[in-house]
Amino acid sequence: MVEVKNLTKRYGTKTAIEQISFTVEPGKIYGLLGPNGAGKSTTMNIMTGYLAASEGEVKIDGHDIFRDSIAAKKNIGYLPEIPPLYMDMTVEEYLKFVAELKGIPKKQRIDEVIDVLEKTQTTTVCQKLIRNLSKGYRQRVGLAQALLGNPKVIILDEPTVGLDPKQITEVRELIRSLKEDHAVILSSHILSEISEVCDHVFIISQGHLVLSDTTANLPLHLKESQRICITGCGDLEAAKCALQSLNEVSSVTGEVLEGDEVSLEVVAATKEDIRAQVSKTLGTLGFAILEMKEVGQSLEDVFLEMTADTYASDADDEMDEEEDAADASDM
Ligand code: ADP
Ligand code: MG
């Protein structure tokens, strides 16, 4: 349905994305996951024909987005990062206008508008001015315009950014309902969103596709390792130092809780159980273990591992992330 091959985009000397390739099949939801600045919007803007690529090709249902753009674009519904809404139109006026732009024949326009209003549950607000809608409803109207013309491929750039938790749940449910009739590609910098909604994940980091697999397979990409949490009584620094010196241990963190009670987290780069060794090591220090348990690694760990370079090197992008979080809590 969608074929992206060796896509590269340079802005002047800066390479935003490099040699990105993937394919998308109907009936599934795909997630483009990556930190801010990873290249998600750039990829989507090229896929939808809004931006020219420096290299590579995109085919939508067999049509080249650059050479055969009219046919290709007919198969795409796009909700960009900033939805292209006209604040002074009512929802209905706006959707009729978009239907006309998309070349839907006059006789069918009303029926199609009614259909997308129902699908996005916006029928009740169809006579309201878009400027008077909440952000959640505006996003639904943005989705409605993407659905007009019943395109085979729906592309949604960060569709839940800036929504409150209830709106997020509703929009996610709406997106899930789309996969029966469409191939859906959405982007997000939130792992839980992708793992909840998507069947397949593409992780992008610094313009590179670093992982492509089913959501169910994500945990398999963890490096062999185990994590052990310990609470006990004893000297924190001495315990950290002793554990760190064990061969298998890759990191030890810890904090003082109350009195002489401390907590420790030990990460080891082996699947072999190291609890006995940890216990003996702490015993020689006179450190009393109150509790020790192995905790599984999470999907977050996969994401952090795959995008580690980005988080290590790009302080600016982390600022963006905080702004986004602030936006979300404002609502
Ligand atoms: P994402 O959507 O994953 O946050 P983008 O695709 O927006 O990432 O951006 C990818 C990289 O390209 C970023 O480093 C960004 O600063 C850069 N970039 C995006 N648009 C432009 C532009 N018009 N001019 C120069 N650099 C840009
Ligand atoms: Mg973006």
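**Entry 1: domains.** I looked up the spacing of the domains first: the C-alpha centres of domain 1 and domain 2 lie 47 Å apart. I was working on a predicted model. The domain assignment puts domain 1 at 2–218 and domain 2 at 227–294.

**Entry 2: aromatic pairs.** I then turned to the rings. I found five aromatic pairs in the structure. I took Tyr50 and Tyr78 from the list: their ring centres are 5.4 Å apart and their planes stand at 55°, so I logged the pair as tilted. I checked where the two partners sit. Tyr50 is in the loop between α1 (40–47) and β4 (55–60), and Tyr78 is in strand β6 (residues 76–79), so this pair ties together parts 28 residues apart in sequence.

Are these two tyrosines buried or exposed? I read 60% relative accessibility for Tyr50, which counts as exposed. Tyr78 has 7% and counts as buried.

I went on to Tyr86 and Tyr94. Their ring centres are 6.2 Å apart with planes at 55°, so this pair is tilted. Tyr86 is partly exposed, at a relative accessible area of 44%. Tyr94 is buried, at 1% relative accessibility.

**Entry 3: a cluster.** Which residues form one aromatic cluster? I noted Phe22, Tyr30 and Phe202.

**Entry 4: charges over rings.** I came back to Tyr50 and looked above its ring. The charged end of Lys73 sits there, 5.8 Å from the ring centre. So Tyr50 has two entries in my notes: the tilted pair with Tyr78 and the charge of Lys73 over its ring. I also logged Arg140, which lies over the face of Tyr137 at 5.5 Å from the ring centre.

Technical notes
Residues are numbered from 1 along each chain as its sequence is written. Chains are lettered from A and ligands numbered from 1 in the order in which they are written. This is a predicted model: local features need pLDDT of at least 70, side-chain atom pairs count only at pLDDT 80 or more; totals for chains, interfaces and linings use all residues. Side-chain values use heavy atoms; hydrogens and water are left out. Domain bounds come from an automatic or database domain assignment. Rings of Phe, Tyr and Trp (its six-membered ring) pair if their centres lie within 6.5 Å; planes under 30 degrees apart count as stacked, over 60 as edge-to-face and the rest as tilted. Helices (H or I, at least four residues) and strands (E, at least two) are DSSP runs, numbered from the N terminus. Buried means under 20% relative accessible area, exposed over 50%, partly exposed in between (1.4 Å probe, protein chains only). A charge sits over a ring if NZ of Lys or CZ of Arg is within 6 Å of the ring centre and within 35 degrees of the ring normal.
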